[in-house]
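This briefing goes with the sequence and structure shown below. It covers strand pairing, helix packing and model confidence, grouped by topic.

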Amino acid sequence: MNGYCTTLLFLIFTYCVCSTYAQENGFILLKNMRIIDGIADEAIEMGSILIRDGRIEAISDTVMPTPDGAEVLDLAGKTILPGFVNMHAHFWPLDQPNYRPVAKLMLAGGITTAFSLGDIQPEKLQEFRQKVNEGKELGPTIYTVGPYFQGGQVSARFRAVNTVEEALGLYNEWKDKTEGVKFYVSINQECFDAVLKEAQKDGKIVTAHLMSITTEHAIDMGINGLEHGVWTIDELIPKTQGMGNFCRIASMNMDTSEMERIINKMVDNKVYVCPTIVPMEALWAERGPFVPNWQIYLGDSLRMRYNTPNTRNQECMPGLFEKQMEFLRRIYKKGGLIVTGTDPFYPDTPPGFDIHREMIALTEAGLSNMDAIKAATINGAIALKREKDFGSIQVGKMADLAIIAGKPDLDIQEVANVISVMKKGRLYNTAQLRTECIGGIKMTKK
Ligand SMILES: [Zn+2]
């Protein structure tokens, strides 16, 4: 075969691969579908959305006439939601960085924005998100904190900062490349205070998986978000000797004045809560795994390494879960800001499937179906301080949308029936993206 034919075949092949999932025309009318806009408490039953150059140009609660030159997509029987925001994302399941398949699976599930809360190769994530922004790779819009801020030597995966000088050094190294800061379990208070003050001046989203710092101190200092809900309010977890961590959390007393004070402070200071229910719930053998064929997304070596179901600590799982639900119920009743994050590390709830499960879990904490959807859409955008740009279906906002077969406002389980996703006006087919990821999450490190 000569060079010309090879090039031609390559071009045809490339064109076919792209055109089957990406909508190229920038002027599209979506019509005849239900719309959940992320703001209203009721769905529009039969609406239209006009999209031009990646933004929402018009919305109607009737059938809009087709403007000249617009492509039409009839979505009868479907419901359109704002694209989902995963506020606790990672791209390295089981310590194996896998940017391409993880990002593609997220997008396939309707996640159009991901806040990467710590990376083991933060430089690589910078390169990857650059490619996503240039349209060379597929995935959600990625916001990032860069490296973790941790002290001591808790995890050899991450660089430790133990002095204010080291902490500010790491902060200054990364501040121009990140939107947030994530503190991790062993950060000391001097480093925490110093970096938090700088980050606040720079308008960063500051969040933490706490342990070495009390929750009250973090809130008093003005932290924006807290990860893992009640499970990391370490100052209120009993330190009973000989009891595993899950069981100690399960034995927490929720009815103390300290608990009430912390909940009130979180709500009053508008600290968002990212409970990350799904990774813990998946370890509860009675419930997980939630995705029956999750192994198909793993390459052989990774599948061999991760094939044993979790059986540890099962006796404390119901209590562990109930404490989180009770905590969220109280935050919700007081009008606190709850977001969805899935902390994808174990691959048995693959990226993109996990966010649906997180929404379903929130309804068990008493959120209405609509409020669970808002947690995964507009609340995430508010937490990222980007609600003017995305998070709801409103004129002028980015055309980031999840298209669902079903009515998730009436039956939240149907939120998992994502059939396609639109990011910045481009449409992708969920089944196709997922098929492309079969066997894709691989061992990338020894
Ligand atoms: Zn995490």
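How many bridges join strand S10 (residues 205–208) to strand S11 (residues 225–227), and do these strands run parallel or antiparallel? Two bridges join S10 to S11, and the two strands run parallel. The model is predicted, with a mean pLDDT of 92 for the protein chain.

**Confidence**

- Of the residues in the protein chain, 93% reach a pLDDT of 70 or more.
- Over residues 1–22, pLDDT stays under 50, and the model has ten contacts beyond four places in sequence for this stretch.
- Where pLDDT is low, predicted coordinates should not be read in detail.

**The open sheet S9-S10-S11-S12**

- Four strands form an open sheet in the order S9-S10-S11-S12, and their pairing is parallel.
- From one strand to the next, the twist averages 20 degrees.
- Within the pairing of S10 and S11, Ala208 has Leu226 in S11 as its bridge partner.

- Seven bridges pair strand S1 (residues 27–35) with strand S2 (residues 44–52) in the antiparallel sense.
- Leu29 stands opposite Leu50 in S2.
- S2 is also joined to strand S3 (residues 55–60), by five bridges, and these two strands run antiparallel.
- Ile49 has Ile59 in S3 as its bridge partner.
- A hairpin is formed by S2 and S3, with two residues between them.
- Asp53, in the turn of this hairpin, has a positive phi of about 50 degrees.

**The β-α-β unit**

- S6, helix H2 (residues 99–108) and S7 make up a β-α-β unit that is right-handed.
- Strand S6 (residues 84–89) is mostly covered, with six of its six residues buried.
- S6 and strand S7 (residues 111–116) run parallel and are joined by four bridges.
- Opposite Val85 stands Thr113 in S7.

**The two faces of H4**

- Ala167, Leu170 and Tyr171 are buried in helix H4 (residues 164–174).
- These three residues lie on the same side of H4, because they cover an arc of only 100 degrees around the axis.
- Helix H5 (189–201) is included in what covers the buried residues of H4.
- On the face of H4 turned away from its buried side are the exposed residues Glu165, Gly169, Asn172 and Glu173.

Terms used. Residues are numbered from 1 along each chain as its sequence is written. This is a predicted model: local features need pLDDT of at least 70, side-chain atom pairs count only at pLDDT 80 or more; totals for chains, interfaces and linings use all residues. pLDDT is the predictor's confidence in each residue, from 0 to 100. Two residues are in contact if their C-beta atoms, placed from the backbone, lie within 7 Å. A residue is buried if 20 or more other C-beta atoms lie within 10 Å of its own, exposed if 12 or fewer, and partly exposed in between; C-beta atoms are placed from the backbone. Two strands pair if DSSP finds at least two bridges between them. A crossover is right-handed if, with the strands pointing away from the viewer, the path from the first strand over the helix to the second runs clockwise. The arc is that of the directions from the helix axis to the C-beta atoms. Axes are lines fitted to C-alpha atoms, for helices over the stretch in contact, and angles run from 0 to 180 degrees between N-to-C directions.
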